[in-house]
Amino acid sequence: MTIDTLTIILSSIVLLLAIGSPLLSPLFRLRKPESSPSEEDVVLPPVTVLITVHRNPKALEQNLSAFLGQQYEPGFEVIVVAEKGDSEVEDVLKRHSKHPNLYTTYIPESSRYMSRKKLAITLGVKAAHNEWIVLAECYCRPLSDQWLKALACHFDATHNLVIGYSGLEADTNQRYRFRRLTTSAYALRKAQRGTAYRCSTAIMAFRKSEFMKGEGFRGSLKHIGGEFDYLVNKYARPYSTAVATSPEALVEEKTPTRHEWINSRLFYLHTGHNLSRGLSLRLLNFVDSLFLHLALVTSVSGVAYGALTTNWILTGVSAAALIIGYVERIIVAHAKIAAYAPGIPLWLVPFFETLQVWGTIGLRIRFLFTDKYAFTCHKQ
């Protein structure tokens, strides 16, 4: 069988796309976790851990002990901000009230023109006795009693923000866990390579003095949700955001319901419209998705066209390209999944990557028909 020029060109395109597209992936660019922190690297300051609670006493009960049980010699306080009149949350706090590091404050039963979450964070920051504040959701849990130290190792003069990684519980829908990992990969890369854009997880740290000087959430007070994103987007400076990814720095979030999962993504679509510096990240995401589909379409088309024209060389090369692309994506994802989200089946990774794109398109269509007042405190 003779090999003509067209076969060589088409086969080369198919192979190059199959080999190159997995390298245009957030997991390929995601850095490996940093090494465990050393006490000699930095002088650790006293720290405030700030937790806000909104009608979630079960999560607070499950996770509060993990925050209070941190081994941190410089000293720390845990401030829980709850809603006045929430008896179940108050009962949980009473059971831990003898712990010397626990402090509690309450927000009024009603608030206007400001989201209750932002109000709770603002009150907690004002009540904090330390410069560095670690903001954490009550539904996440540190996986190590060295968690606070792992974050605090980045609290130095060169940083004003620190972002951590929070994965989802192992029994969570694996597609959700994979999306959390890839979404975080984009945000962490942005922080590591320039000026941070957002915080896609449930852990971050910032300086109280900058929060107060910048008048907290001024500029985003009316928006519900996205508190971590707004803080990072407002206060980030070039190369001033540290990313804490050592094994001790990781936290785990409870499994979200399908309703909670979809809601969180819809709220981010609203938040994203109000954040600056997002264009480059969206372009990068578009390029990654484009080449993923180009590689898939050209390989499948090569098999079909080769079979129809009895060009068995093109058919074989295209079939091989499908296998090469599939295996390469698994290899690229292997180390990152093992470090950040163990348990995700590697053989499903290429399918998750493809479905993720179409799921995002579907969500954006759904967002278009959502009442936009649901994302503001206009009706509160």
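Trainee: Which backbone nitrogen lies 3.3 Å from a polar atom of the side chain of E90?
Mentor: The backbone nitrogen of G85. Keep in mind that the model is predicted.

Trainee: Where is E90, and what makes you say that it has no salt bridge?
Mentor: E90 lies in helix α4, residues 87-95. The nearest side chain of opposite charge is K84, 4.8 Å away. A salt bridge requires a distance within 4 Å. E90 is buried, yet without a salt bridge.

Trainee: What does E90 touch beyond its neighbours within four places in sequence?
Mentor: E90 is in contact with E83, K84, G85 and Y106.

Trainee: How many salt bridges does the structure hold?
Mentor: It holds 12. Side chains of opposite charge can pair when their charged atoms come close.

Trainee: Why is the pair of E253 and R180 called a salt bridge?
Mentor: The N to O distance is 2.6 Å. The cut-off is 4 Å, so the pair qualifies. The bridge links distant parts of the chain: E253 is in strand β10, residues 251-253, and R180 is in helix α7, residues 174-193. They are 73 residues apart.

Trainee: Are E253 and R180 buried or exposed?
Mentor: Both are buried.

Trainee: What makes R237 and E210 a salt bridge, and which parts do they tie together?
Mentor: Their closest N and O atoms are 2.8 Å apart. R237 lies in the loop between α9 (227-235) and β9 (241-244), and E210 lies in helix α8, residues 208-213. The pair therefore ties together parts that are 27 residues apart in sequence.

Trainee: Why is R237 called partly exposed?
Mentor: Its relative accessibility is 37%. Buried means under 20% and exposed means over 50%. R237 therefore counts as partly exposed.

Trainee: What about E260 and K254?
Mentor: Their side chains meet in a salt bridge, at 3.3 Å from N to O. E260 has a relative accessible area of 36%, so it is partly exposed. K254, at 26%, is partly exposed too.

Trainee: How do you know that E137 is buried?
Mentor: Its relative accessible area is 8%. The limit for buried is under 20%, so the label holds. E137 is found in strand β4. Leaving aside its neighbours within four places in sequence, E137 is in contact with I51, T52, F67, K117, A202 and F228.

Trainee: Why are β3 and β9 called edge strands?
Mentor: Start with the sheet. It is open, with 7 strands in the order β3-β2-β1-β4-β8-β6-β9 and mixed pairing. β3 (102-107) and β9 each have a single partner strand, so one side of each is left without a neighbour in the sheet. Neighbouring strands are turned by 20° against each other on average, direction ignored.

Trainee: How do you know that β6 and β9 pair?
Mentor: Strand β6, residues 161-164, is joined to β9 by 4 bridges. Pairing takes at least two, so they pair. The two strands run parallel. I163 stands opposite V243 in β9.

Trainee: What makes you say that both faces of β9 are covered?
Mentor: T241 and V243 are buried on one side, A242 and A244 on the other.

Trainee: Which helix lies across β4, β6 and β8?
Mentor: That is α9, which runs at about 40° to β8.

Trainee: What makes β5 and β10 a pair?
Mentor: They share 3 bridges, in the antiparallel sense. C140 stands opposite E253 in β10. These strands belong to an open sheet of 3 strands, in the order β5-β10-β7. β5 (140-142) and β7 (166-168) are its edge strands, each pairing on one side only.

Note on methods: Residues are numbered from 1 along each chain as its sequence is written. This is a predicted model: local features need pLDDT of at least 70, side-chain atom pairs count only at pLDDT 80 or more; totals for chains, interfaces and linings use all residues. Side-chain values use heavy atoms; hydrogens and water are left out. Buried means under 20% relative accessible area, exposed over 50%, partly exposed in between (1.4 Å probe, protein chains only). Lys and Arg count as positive and Asp and Glu as negative; His and the chain ends are not counted. A polar contact is a pair of N or O atoms within 3.5 Å; within protein, one must be able to donate a hydrogen and the other to accept it, and residues adjacent in sequence count only if both atoms are side-chain atoms. Contact means heavy atoms within 4.5 Å. Axes are lines fitted to C-alpha atoms, for helices over the stretch in contact, and angles run from 0 to 180 degrees between N-to-C directions.
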